[in-house]
Amino acid sequence: GGGSSFWFTAHLEKGTASGRVSDLPARDLKSLRVLVVDDNKTNREILHQQIVSWGARNGRVASGAEALEALRRAAEGGDPYDLVILDYHMPGMDGLEVASTMEQNLVLRKARRIILTSVDMTLGETDRAEAGISAWLTKPVRASQLYNCLVGVMQGPVTLAASVEQPLSAQDRLDVRILLAEDNPVNQEVAMGMLEALGCRVELAANGREVVDAVSRSDFDLILMDCQMPEIDGYQATEWIRETEQQAVGEETHLPIVALTAHAMEGDRDRCLAAGMDDYLAKPFSQDQLGTVLARWLRPARGTGAPPSEAVEPEEEAA
């Protein structure tokens, strides 16, 4: 009960590159023509600003149908797109369907394809081959991750390159408020210990009704939402939160909600997303797995920075 103390010494060779965007040669992406396909305007603007800052030319569309039309027009005009960044979850035609349609067209299939997804995604070898996917990344994507992915996809042969996400370290403490929705006492204690070790301030809700009450009276940076809870389950609580956000007048808010569930089937992920959840964490989870998910949605206290501002999207491409 007194804890443990230990130490060790490690002799390491000095690295040659830090992997930061500023250390990478921007000329690798000069004149590259990139099409961003995402139904979320803010996501499109953020990706646009990153891409054009590296010297690439960027077009943006909000749906799969618009993407295919833009690709055809560009090819017919003699200035085809070199690469397409596709959001996986879009209404009507998702990113995988767009990529598969491109693969079946002898002209459009020449463009490399990268998938962005808001949940952990593993594609089978057949699905990847049929859709011609070069890589996939989990949102929100750090600028350095996206840059490295673009350079790797365009410089080398088409290979599947999933992003390697880093969990929060001991230095990356989070000065945030987390609502932990969990009805199991043991799970409550374990999760609260992990969150507090990362610097989070945690409020506990033992059922969906307590979640609704907590969100009604307090502001939180993120909710960890157990899906199976008494009275009101996690799906119903999430749907109430999303409906409340849509009804809010004069402000645009979106509270990140991460599903906690003992199931890990594809259908469970789909149900979580359909309810309005943003991410997915299967129980039991480790502190590294929890830290990785939190790093997608929250900024560590030592690495704060203002998010890109919303801007009016121009009709034409910008270079």
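I shall speak about the chain as a whole, then its core and strands, and finally a loop and a few backbone details.

This is a predicted model, in which local features need pLDDT of at least 70 and side-chain atom pairs count only at pLDDT 80 or more, while totals for chains, interfaces and linings use all residues. Residues are numbered from 1 along each chain as its sequence is written, and side-chain values use heavy atoms, with hydrogens and water left out.

Let me begin with the chain. Its secondary structure comes to 10 helices and 11 strands; these are DSSP runs numbered from the N terminus, helices being H or I with at least four residues and strands E with at least two. Of the 319 residues, 45% are buried, where buried means under 20% relative accessible area, exposed over 50%, and partly exposed in between, with a 1.4 Å probe and protein chains only. The chain exposes about 17100 Å², and carbon and sulfur atoms supply 50% of that area; accessible areas come from the Shrake-Rupley method with a 1.4 Å probe, and for residues only the protein chains shown count as cover. Among contacts with a separation of 6 or more, 68% are between residues 24 or more positions apart, a contact being heavy atoms within 4.5 Å.

I turn now to the core. In soluble globular proteins, nonpolar side chains tend to be buried together. A nonpolar core, as used here, is a set of buried Ala, Val, Leu, Ile, Met, Phe, Trp, Tyr and Cys residues joined through side-chain atoms within 4.5 Å. The largest one has 23 residues, and L35, V37, L71, V84, L86 and M102 have the most contacts inside it. Two or more residues each come from β1 (33-37), α2 (64-76), β3 (83-87), α3 (95-103) and β5 (133-138). The largest share, 5 residues, belongs to α2. L71 touches L35, Y81, V84, M102 and L108, leaving aside residues up to four places away in sequence.

Why is β3 described as largely enclosed by the rest of the structure? The reason is that 5 of its 5 residues are buried. On one side these are L83, I85 and D87, and on the other V84 and L86, so that both faces of β3 are covered. Strand β3 runs parallel to β1, joined by 4 bridges, and V34 has L83 as its bridge partner in β3. It also pairs in the parallel sense with β4 (112-117) over 5 bridges; there, D87 is partnered by L116. Two strands count as paired if DSSP finds at least two bridges between them.

Next, an open sheet. Its 5 strands follow the order β8-β7-β9-β10-β11, with parallel pairing. Strands β8 (201-205) and β11 stand at the edges with a single partner strand each, so one side of each is left without a neighbour in the sheet. Neighbouring strands of this sheet are turned by 20° against each other on average, direction ignored.

Two helices deserve mention here. Helix α7 (208-217) lies across β7, β8 and β9, at about 135° to β8. Helix α10 lies across β9, β10 (257-261) and β11, at about 175° to β11. For these angles, axes are lines fitted to C-alpha atoms, for helices over the stretch in contact, and values run from 0 to 180 degrees between N-to-C directions. Buried residues of α10 include L290, V293 and L294, and their cover includes β5, α6 (185-197), β9, β10 and β11.

Which loop holds K283? It is the loop between β11 and α10. The side chain of K283 makes a polar contact of 3.2 Å with that of E182 and one of 3.1 Å with that of D226. A polar contact is a pair of N or O atoms within 3.5 Å; within protein, one must be able to donate a hydrogen and the other to accept it, and residues adjacent in sequence count only if both atoms are side-chain atoms. The peptide bond from K283 to P284 is cis, with omega near -5°.

Finally, E231 lies in the loop between β9 (222-226) and α8 (234-247). Its phi is near 70°, a positive value in a residue other than glycine. At 58% relative accessibility, E231 counts as exposed.
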